[in-house]
Amino acid sequence: MGKPTGFLEYERKTATAQSPKERIQHFHEFHEHLPIEEQQKQGARCMECGVPFCQSGMTIAGMTSGCPLHNLVPEWNDLVYTGNWERAYDRLKKTNNFPEFTSRVCPALCEHACTCGLYGDAVATKENEYAIIENAYKMGLAAAKPPKVRTNKTVAVIGSGPAGLTVADQLNKRGHHVTVFERSDRIGGLLMYGIPNMKLEKHIIERKIRVMEEEGVTFVTGADIGIDTKSMKLIKGFDRIVLACGASNPRDLNVQGRDAKGIYFAVDFLKKVTKSLLDSEFTDGAYVPVKGKSVVVIGGGDTGNDCVGTALRLGAKSVVQIEMMPKAPDTRADHNPWPQWPKVCKTDYGQEEAIAVFGKDPRIYDTTVKEFIKDKDGNLTAVKTVKLIWEKNAQTGKMDRKEIANSEKVIEAQVVLIAAGFLGCQKYVADAFQITLDDRTNVRTEPGTFRTNKENVFVAGDMHTGQSLVVKAIRQGRECAREVDESLMGYSNMYVQ
């Protein structure tokens with residue numbers, strides 16, 4: 001611990017964001033990060049606790065507390081403070097394959113479990129992570145390092161999201177020959193098309209993909225396994241197959257008027273916007289037009305927030321976000337103590353922007369959709385909502401929702417974006433490999449393993465666990481890669497924890 005009094009001497013500082021009205025004029029990342037000297041002071045705030053909850057990644061009260069990757073947070077925070085950037089990068093990469101992604105899109109579970117945050121402000125660990133990886137690229141530390149020895153083993157990875165890329169990265173470093181198949185036209189999975197450009201600029205993904213290619217990973221785009229590429233061809237052509245296709249089935253709403261024109265799944269909306277931006281800077285018009293229209297977003301999670309921010313950048317006349325659950329408290333409740341994940345109300349960038357533009361929070365809580373209203377031509381004109389009340393079921397102990405009588409309200413809308421989560425993997429992929437699904441349509445494996453019921457076929461990421469965080473997908477990828485390596489070599493020297 002280089003600075004025992006650092007957390008007392010230095011205040012927490014993070015990157016400054018452009019004002020909401022400025023940043024909605026573009027689709028670029030909008031934070032200005034700290035200079036190196038100031039960032040080192042932030043490293044000094046880390047107390048190097050005897051029990052570092054920041055890196056625990058344990059489940060408390062059903063939610064994750066601390067980093068699922070068990071990042072060596074106190075170690076590299078101190079190395080940031082002392083300016084030992086090369087060593088800090090080595091320690092960070094020991095547990096995290098893609099800090100260039102997590103330092104931008106992770107919700108910073110480490111910070112919410114930081115001991116400094118118990119009575120004050122948590123250490124700016126996510127900012128330190130960003131500084132380490134970006135400085136590593138500038139110094140040439142993150143350049144390609146191909147394996148010196150190759151095995152004669154071949155592995156096919158289906159899907160290039162964070163789990164698939166992690167599996168590929170780990171197994172390639174081990175010396176196996178890895179080919180990644182992606183059905184889209186660009187590598188990255190949800191990193192590329194599920195997360196908007198202003199949260200994760202796509203040249204950051206492409207930069208890392210170039211490094212992985214130089215290290216020997218082969219990438220194949222436009223390969224939709226199970227449709228235009230036969231699974232048996234892969235089974236015969238590769239020693240092992242890893243399925244990392246994500247939880248791609250969006251949850252739908254079964255209400256009257258669902259067939260109205262103007263209703264889209266959030267993931268389709270976001271993909272069209274990003275693809276049009278990358279292909280032509282929107283000149284091809286191949287995205288959902290919302291300029292001058294009233295937009296209703298259904299869903300209060302990260303994807304719903306991304307839809308709010310994207311709709312504003314495209315010139316929506318108004319944006320309303322419908323949330324079924326009650327508003328979370330602004331501060332921790334007594335039954336939600338540290339180091340549990342804080343169940344508090346979070347106002348994210350999209351909501352901040354809506355507040356700046358329209359003068360109020362776009363979110364409506366305790367509300368669900370009753371009907372989509374359309375005109376004679378089938379075009380969406382409005383959304384009828386109803387308020388909800390939550391009551392505890394005496395028999396099950398769970399909270400049941402009930403509609404409040406006479407609480408219907410009609411909201412003008414020409415575009416609706418459904419961001420209600422995902423239900424599991426797409427069935428045609430499972431059928432193509434003849435693998436078994438569980439009751440939640442995730443791929444079934446034995447507890448603690450990544451082997452499917454199909455010989456030599458493994459699974460990782462959201463396809464295995466259901467929709468989750470990027471950082472958890474990376475963890476899944478690392479664990480799956482070790483199991484694949486053991487099956488190929490009889491042992492594995494991969495570091496996971």
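**Note on helix packing and selected residues**

1. Helix α11 spans residues 202-214, 13 residues in all. From its first C-alpha to its last it reaches 19 Å, close to the 18 Å expected at 1.5 Å a residue. Bear in mind that this is a predicted model.

2. Which residues of α11 are buried? They are Lys202, Ile204, Ile205, Arg207, Lys208, Ile209, Val211 and Met212. Note that Lys202, Arg207 and Lys208 are on that list. After α11 comes Gly216, with a positive phi near 120°.

3. Gly216 also turns up among the contacts of Asn172. Asn172 sits in helix α9, residues 162-174. Its relative accessibility is 1%, so Asn172 counts as buried, the cut-off being under 20%. Leaving aside residues up to four places away in sequence, Asn172 touches Pro147, Arg150, Val178, Glu215, Gly216 and Val217.

4. Lys148 belongs to the loop between α8 and β5 (154-158). Buried or exposed? Lys148 has 87% relative accessibility and therefore counts as exposed. Its C-alpha lies 9.0 Å from that of Lys173. Along the chain, Lys148 and Lys173 are 25 residues apart.

5. Next, the helix pairs. Two packed helices are described by the angle between their axes and the distance between the axes. Take helix α4 (residues 73-81) and α5. Their axes are 8 Å apart, and the packing angle is about 165°. Angles over 145 degrees count as roughly antiparallel, so α4 is roughly antiparallel to α5. The crossing of α4 past α5 is left-handed.

6. What meets what between α4 and α5? From α4 come Glu75, Trp76, Leu79 and Val80. From α5 come Trp85, Arg87, Ala88, Arg91 and Leu92. By class, this contact has 6 nonpolar and 3 charged residues, and no polar ones.

7. Helix α5 (residues 85-95) also packs on helix α8 (residues 125-139). Here the axes come within 9 Å and cross at roughly 115°. That makes α5 roughly perpendicular to α8. The crossing of α5 past α8 is left-handed.

8. On the α5 side of the contact with α8 are Trp85, Ala88, Tyr89 and Leu92. On the α8 side are Glu129, Ala131, Ile132, Ile133, Asn135, Ala136 and Met139. The class count is 9 nonpolar, 1 polar and 1 charged. Trp85, Ala88 and Leu92 of α5 meet α8, and these residues also meet α4.

9. Helix α18 covers residues 470-489 and has 20 residues. It reaches 28 Å from its first C-alpha to its last, close to the 28 Å expected at 1.5 Å a residue. How many residues of α18 are buried? The count is 15 of the 20, so α18 is largely enclosed by the rest of the structure. Just after α18, Gly490 takes a positive phi of about 90°.

10. Leu488 is one of the residues in α18. Its relative accessible area is 10%, so Leu488 is buried. Leu488 touches Lys153, Val155, His176, Asp239 and Arg240, not counting residues up to four places away in sequence. C-alpha to C-alpha, Leu488 and Thr154 are 9.3 Å apart in space. In sequence, Leu488 and Thr154 are 334 residues apart.

Methods
Residues numbered from 1 in each chain as written. Predicted model: local features only at pLDDT ≥ 70, side-chain atom pairs only at ≥ 80, totals over all residues. Heavy atoms only, no water. Axes fitted to C-alpha atoms, helices over the stretch in contact; angles between N-to-C directions. Helix = DSSP H or I, 4+ residues; strand = E, 2+ residues; numbered from the N terminus. Parallel < 35°, antiparallel > 145°, perpendicular 65-115°, else oblique. Left-handed = near helix turned anticlockwise from the far one by under 90°. Contact = heavy atoms within 4.5 Å. Nonpolar A, V, L, I, M, F, W, Y, C, P; charged D, E, K, R; others polar. Expected span 1.5 Å × (residues − 1). Buried < 20%, exposed > 50% of the residue type's maximum accessible area, 1.4 Å probe, protein only.
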